[in-house]
Amino acid sequence: MILGVLNQKGGVGKTSLATNLAHTYATQGARVLLVDADPQSKSATRWSSAREIEQLFPVIGMAKPTLHKDLPAVARNYDLTIIDGAPQLAEIGRSILLASDMIVIPVQPSPYDVWSAADTVDLIREARVFKENLKAVFVVNRKIANTAIGRDVTEALAQHEIPTLKTHLVQRVVYAESAAQGLAVEEMEPDSQAAKEIRQVASEIRRAGDNYEAMLATVADTIGNPDG
Ligand SMILES: Nc1ncnc2c1ncn2[C@@H]1O[C@H](COP(=O)(O)OP(=O)(O)O)[C@@H](O)[C@H]1O
Ligand SMILES: [Mg+2]
């Protein structure tokens, strides 16, 4: 299984999500490979270099438009490969879409971020011409604690006909604090709400792999009834 974390916008949480998901799945016993496909920031690689304790999974750099040709041979040796995507670079973005079984799109709960998610959604539509079964889900990230995400955001995400995971990741300093040491949120604050949310997102993604059609039906309901 290859999971691509993608959003054409920078700073939405791709690397935070990719590194934390990789950690969660690795601690659950999966053989995980994390692929850094962002040639400019190389954040996943830097995250891994900052780590002073044992690495739980390898992090390799593969930021090129031929990734979809080169990655499968390497990914074959792992249960799960997670690609940390690059912003803006449509060529690498397309290559990630071709390589992946499922795309996870972190999106911040503001109208601006929802509008700019349309660029990523367009790439997914394009890719589906060749890959009919390409799955995709939105994950709301950096939600302000104790707020509801606005109806406009919920409705706008549903219009893209891509399911949004039920669990939202709340804005918390532990993301930056843990990243600075090459750690996952779960390692730094294992019993925190943040760690719990990440574990829930990880299990929702697993379930989405099996029940994608049912999730899509829920999106259709949201469009019909935005309050429901
Ligand atoms: N849920 C969150 N709470 C607080 N800070 C976050 C959260 N998610 C991401 N960040 C911070 O936002 C910034 C951008 O996140 P990053 O994962 O690097 O995004 P991207 O890879 O999409 O550019 C980083 O400083 C990161 O620590
Ligand atoms: Mg990044």
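**Exercise 1. Count the aromatic pairs in this predicted model and describe the one that involves W47.**

Step 1. Start with the rule: rings of Phe, Tyr and Trp (its six-membered ring) pair if their centres lie within 6.5 Å, and planes under 30 degrees apart count as stacked, over 60 as edge-to-face and the rest as tilted. The count by this rule is 2 aromatic pairs.

Step 2. W47 pairs with F57 in a stacked arrangement, with 5.9 Å from centre to centre and 10 degrees between the planes.

Step 3. Now place both partners: W47 belongs to helix 2 (residues 43-49), while F57 is in the loop between helix 2 and strand 3 (59-61), 10 residues apart. Helices (H or I, at least four residues) and strands (E, at least two) are DSSP runs, numbered from the N terminus.

A note on conventions: residues are numbered from 1 along each chain as its sequence is written, and chains are lettered from A and ligands numbered from 1 in the order in which they are written. The model is predicted, so local features need pLDDT of at least 70, side-chain atom pairs count only at pLDDT 80 or more, totals for chains, interfaces and linings use all residues, and side-chain values use heavy atoms, with hydrogens and water left out.

**Exercise 2. Find the polar contacts (pairs of N or O atoms within 3.5 Å) that R142, V170 and R172 make with ligand 1.**

Step 1. Look at the side chain of R142: one of its polar atoms is 2.8 Å from an oxygen atom of ligand 1.

Step 2. Turn to the backbone, where an N or O atom of V170 lies 3.1 Å from a nitrogen atom of the ligand. For R172, a backbone N or O atom is 2.8 Å from a ligand nitrogen.

**Exercise 3. Which element gives the largest share of the shell around ligand 1?**

Solution. Helix 1 does, with 3 residues.

Technical notes: A polar contact is a pair of N or O atoms within 3.5 Å; within protein, one must be able to donate a hydrogen and the other to accept it, and residues adjacent in sequence count only if both atoms are side-chain atoms.
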